[in-house]
Amino acid sequence: MAELSSDVMRGYNDVIVLSVLAEGDSYGYEISRCINERSGGRYPIKETTLYSTFSRLERSGFISAYVGSETFGKQRTYYTMTDAGRNYLARKCEEWQLAKDVIGAFIDRYLQ
């Protein structure tokens, strides 16, 4: 099974993480597992990519972090989406639809 390259996915990591957080607060490992599961294993996001995405989203004010429950003696950092993050996700979803339509106008004939 082919995997998506990190180059192709780089611009979408923010949207992917925000879409997971739109369903509720979560922590790194759980978000990573969710991404891998939903992508059918085609996009196993790397830990460094995930945590740099968290940092970028937090700096932008789209998510915030808080310390949650303790597991095996270590406290988990949970992430929650802010109102600014919800607005950003909505804009990026509209942008994705437009991009998909434009690219589709060029490549749909080759996908049959």
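**Exercise 1. Find out how far the model can be trusted, by its own scores.**

Step 1. This is a predicted model, in which local features need pLDDT of at least 70, side-chain atom pairs count only at pLDDT 80 or more, and totals for chains, interfaces and linings use all residues. Residues are numbered from 1 along each chain as its sequence is written, and side-chain values use heavy atoms, with hydrogens and water left out.

Step 2. pLDDT is the predictor's confidence in each residue, from 0 to 100. The chain averages 92, and 97% of the residues score at least 70.

Step 3. Go element by element. Confidence is lowest in helix α1 (residues 6–9), with a mean of 78. The highest value, 97, belongs to α2.

**Exercise 2. How many salt bridges does a search of the whole structure find? Work through examples.**

Step 1. The definition comes first: a side-chain nitrogen of Lys or Arg within 4 Å of a carboxyl oxygen of Asp or Glu. Side chains of opposite charge can pair when their charged atoms come close.

Step 2. The search finds six salt bridges.

Step 3. One of them joins Glu23 to Arg38, with the closest N and O atoms 2.5 Å apart. Glu23 sits in the loop between α2 (13–21) and β1 (26–27), and Arg38 in helix α3 (residues 28–38), so the pair ties together parts that are 15 residues apart in sequence. Glu23 is exposed, at 57%. Arg38 is partly exposed, at 48%.

Step 4. Arg33 and Glu30 also form a salt bridge, at 2.5 Å from N to O. Both lie in helix α3, three residues apart, about one turn of the helix. Arg33 is partly exposed at 34%, and Glu30 is partly exposed at 25%.

Step 5. Lys92 and Glu95 meet at 2.7 Å, N to O. They are three residues apart in helix α5 (residues 83–107), so about one helical turn separates them. Lys92 is buried at 18%, whereas Glu95 is partly exposed at 45%.

Step 6. Now look for shared partners. Glu30, Arg33 and Glu37 are joined into one network in this way.

**Exercise 3. Which residues touch the most other members of the largest nonpolar core?**

Step 1. A nonpolar core is a set of buried Ala, Val, Leu, Ile, Met, Phe, Trp, Tyr and Cys residues joined through side-chain atoms within 4.5 Å.

Step 2. The largest such core has 21 residues, and Leu18 and Ile35 touch the most other members. At least two residues come from each of α2, α3, α4 (47–59), β3 (74–81) and α5. The largest share, six residues, is from α2.

Step 3. Check the burial of α2. Eight of its nine residues are buried, so α2 is largely enclosed by the rest of the structure. Among them are Val15, Val17 and Leu18.

Step 4. List the contacts of Leu18, where contact means heavy atoms within 4.5 Å. Beyond residues up to four places away in sequence, Leu18 touches Leu57, Phe62, Ile63, Met81, Gly85, Tyr88 and Leu89.

**Exercise 4. Work out how the strands pair.**

Step 1. Two strands pair if DSSP finds at least two bridges between them.

Step 2. β1 and β3 run antiparallel and are joined by two bridges. Tyr27 stands opposite Tyr78 in β3.

Step 3. Strand β2 (residues 63–71) and β3 also run antiparallel, with seven bridges. Here Ile63 stands opposite Met81 in β3.

Step 4. Finish with the turn. β2 and β3 form a hairpin with two residues between them. Phe72 in this turn has a positive phi of about 50 degrees.

Note on methods: Helix = DSSP H or I, 4+ residues; strand = E, 2+ residues; numbered from the N terminus. Buried < 20%, exposed > 50% of the residue type's maximum accessible area, 1.4 Å probe, protein only. Contact = heavy atoms within 4.5 Å.
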